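This report walks through a number of local features, one topic at a time. Please look over the sequence and the structure before reading on.

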Amino acid sequence: VAMTALPLLFLAMSAASVLAEPAVYLREQFEDGDAWTSRWVESKHKSDYGKFVLTAGKFYGDAEKDKGLQTSQDARFYAASSRFDDFSNQGKPLVIQFTVKHEQEIDCGGGYIKLFPSDLNQEDMNGDSTYNIMFGPDICGPGTKKVHVIFNYKGKNHLINKDIRCKDDEYSHLYTLIVNPDNSYEVKIDNKKVESGSLEDDWDFLPPKRIKDPEAKKPEDWDDREKIPDPDDKKPEDWDKLETIPDPDAKKPDDWDEDMDGEWEPPMVTNPEYKGEWKPKEIDNPAYKGKWIHPEIDNPEYTPDADIYKYDSFGVIGLDLWQVKSGTIFDNFLITDDPKLAEEVGNETWGKTKDAEKKMKESQEEEERKKREDEDKMRREEAKGEDEEEDEKDEEDEEEEEEEEGKEQQLDEEEEEEEDEEGIDSQLKDEL
């Protein structure tokens, strides 16, 4: 009996370990060169979709491991998708994870993914194609920097009621969405929780559980005025004064002609004794009953749904987005049923290269800064050299001018001497 029990126990343990193995529905890290083109289909719904290229970008932590799909053309729609084996998330967690790097200092564009049912026609994928889940960052100007979490429920897309801020710098960031079979969810950025809660509470999938009783009305004698005018307060007899009065200091101009200018009237000024409209002071209302609260009842249209989280079919992941300024890189796609595995994969991929990526970017910025300084220095030296050349030229010009002036002065003196000599000769001739 003992010998028979041991194999049975071993089989049970083996079965349990197999059942506990996490399911990986998709893992795409673009580590096999151009082979990605056989797995990703570009939509032909429009002829002018932007092209994806495989690259690690201008800076990276690992030249090979950080390669991903990059948007390459400005002001374009993009539409590409990859198929995986069809599955349902019924009764188990769903984990969606990927990295996004906006190295182009994005001003307006999407960085999200869509999960489609397996019946999607990939060559016709477009913005109107029905999807199950849309998740990821979206940036447009300073006003929109959010993480979209959109679920399709009974044919309608529902946006989350919370505002989850996305990263807007130039580095790679890891985005993770976890949807649990108890209708709870969690959003993580860089393997840190940024939001969580209940699907029913944070989306408008279902009508509200409670509604205001349509039959209830506030009683006519219900007094909800906290303060009332004091009935014993009387307006002072000298209260009423004109708001403006003729300026007592104004005088008719001496040259005023009533026949020509009409009767003179002094300008109006604010009356210093004017107190405004009189209102009685307020006192506590003795009949105050508090604010009337509309009674609520159970909503007859509300029906709980324990399967909000569930989708019968997942089969395609897609990048269906618009970008004004291209350059975003998508990488490290993972779809699994194990949040712990997703965290480990995130640490093994994004986690291992993020520091080196930042170091390379900072090094490039330092080189650019030094290059700018050298160029500025060179420009200043060139400008200084040009100024010195101009100064030398000016000095040479001044010397030449002085020489010319000296020559002219010498010629004038010689001419004067000649004229004097001629005058003397003429005088001698006259005397002779």
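## Terms and basis

A residue is called buried when its relative accessible area is under 20%, exposed when that area is over 50%, and partly exposed in between, with a 1.4 Å probe and only the protein chains taken into account. By this scale C166 is buried, because its relative accessible area is 5%.

The model is a predicted one, in which local features need pLDDT of at least 70 and side-chain atom pairs count only at pLDDT 80 or more, while totals for chains, interfaces and linings use all residues. Residues are numbered from 1 along each chain as its sequence is written, and side-chain values use heavy atoms, with hydrogens and water left out.

## Cysteines

A disulfide is a covalent bond between the sulfur atoms of two cysteines, and here a pair of cysteine sulfur atoms within 2.5 Å is taken as one. The structure holds one disulfide, formed by C108 and C140, whose sulfur atoms are 2.0 Å apart. Since C108 lies in strand β7 (residues 108-110) and C140 in strand β9 (residues 133-140), the pair ties together parts that are 32 residues apart in sequence; strands (E, at least two residues) and helices (H or I, at least four) are DSSP runs, numbered from the N terminus.

The torsion about the S-S bond of C108 and C140 is about -85°, so the disulfide is left-handed. C108 is buried, with a relative accessible area of 16%, whereas C140 counts as partly exposed at 37% relative accessibility.

## Annotated binding site

The UniProt record, an unreviewed entry, carries the annotation "binding site" for Q29, K65, K67 and D331; its positions are given in the numbering used here, feature names are shortened, and annotations may be inferred rather than shown by experiment. Although these residues are spread over 303 residues of sequence, they cluster in space, with a largest C-alpha distance of 9.3 Å.

K67, one of the annotated residues, has its place in the loop between β3 (52-55) and β4 (68-71), and at 25% relative accessibility K67 counts as partly exposed.

## A contact across the sequence

N152 is found in strand β10 (residues 144-153) and is buried, with a relative accessible area of 14%. Along the chain N152 and Y131 are 21 residues apart, while their C-alpha atoms are separated by 6.8 Å.

## Position of V324

V324 has its place in the loop between β21 (314-323) and β22 (328-336). At 31% relative accessibility, V324 counts as partly exposed.
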